[in-house]
Amino acid sequence: MVEIVTGVRAITSIYSLSSAVEFKNQKKYFMVAAFPSDEWQLFKEMSSLKIDEGQYPGAKDRGKIFLGSQYKYNKIFNTPIKVGDTITLNGVNFKVSAILASLGNPQDDRN
């Protein structure tokens, strides 16, 4: 029904679930979010998120993901995650194509 509201141009769904995230022999659990891969352009248009490193995956880039800046700067794992690394979510490998910039002061995340 949202699609009939005046001013709504497009709609999409976002899936959120708890996931085992593995990187270099470490496993931690986080909430992760995903949306249909054919909705990349819509996501880029509607979000105010900026890229710190890399680029958003394209609509046909299966198996690629982007991560928040905390994975690079906040020592979540023993080794910071960077573009080109592979991480595992619930047993499935994904290549990191982008790291998002911090929403706050970038220096806050780098200490």
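Author: A salt bridge is a side-chain nitrogen of Lys or Arg within 4 Å of a carboxyl oxygen of Asp or Glu. The model discussed here is predicted.

Reader: What makes D85 and K82 a salt bridge?
Author: Their side chains meet at 3.4 Å, N to O. The limit is within 4 Å, so the pair qualifies.

Reader: Is D85 buried or exposed, and how do you know?
Author: D85 has 11% relative accessibility. Buried means under 20%, so D85 is buried.

Reader: Why is K82 called partly exposed?
Author: K82 stands at 43% relative accessibility. Buried is under 20% and exposed is over 50%. The value for K82 falls in between, so K82 is partly exposed.

Reader: How many salt bridges does the structure hold?
Author: The count is 3.

Reader: Why do D52 and K72 count as a salt bridge?
Author: The N to O distance is 2.9 Å. That lies within 4 Å, so the two side chains form a salt bridge. The pair links distant parts of the chain, 20 residues apart. D52 sits in strand β3, residues 51-54. K72 sits in helix α2, residues 70-73.

Reader: What makes E53 and K72 a salt bridge?
Author: These side chains meet at 2.9 Å, N to O. The cut-off is 4 Å, so this pair qualifies too. It also joins strand β3 to helix α2, with E53 and K72 19 residues apart.

Reader: Why speak of a network of D52, E53 and K72?
Author: Salt bridges that share partners join D52, E53 and K72 into one network. K72 meets D52, and K72 meets E53.

Reader: Why are D52, E53 and K72 called partly exposed?
Author: D52 has a relative accessible area of 26%. E53 has 22%, and K72 has 21%. Buried needs a value under 20%, and exposed needs one over 50%.

Reader: What volume does the largest pocket have?
Author: About 890 Å³. Of the 31 residues lining this pocket, the closest to its centre are V32, A33, A34, I65 and F66.

Reader: Which element gives the most to the lining of the largest pocket?
Author: β2 does, with 5 residues. Other elements giving two or more residues include β1 (15-23), α1 (40-46) and β6 (92-100).

Reader: What kinds of residue make up the lining of the largest pocket?
Author: The lining divides into 22 nonpolar, 6 polar and 3 charged residues. V32, A33, A34, I65 and F66 are among the lining residues. Ala, Val, Ile and Phe count as nonpolar, so these five do too.

Terms used
Residues numbered from 1 in each chain as written. Predicted model: local features only at pLDDT ≥ 70, side-chain atom pairs only at ≥ 80, totals over all residues. Heavy atoms only, no water. Helix = DSSP H or I, 4+ residues; strand = E, 2+ residues; numbered from the N terminus. Buried < 20%, exposed > 50% of the residue type's maximum accessible area, 1.4 Å probe, protein only. 1 Å grid on protein atoms, 1.4 Å probe; cavity = no way out; pocket = protein on both sides within 12 Å on 5 of 7 lines; lining within 4 Å. Points joined across faces, edges and corners; volume = space filled by probe spheres on them.
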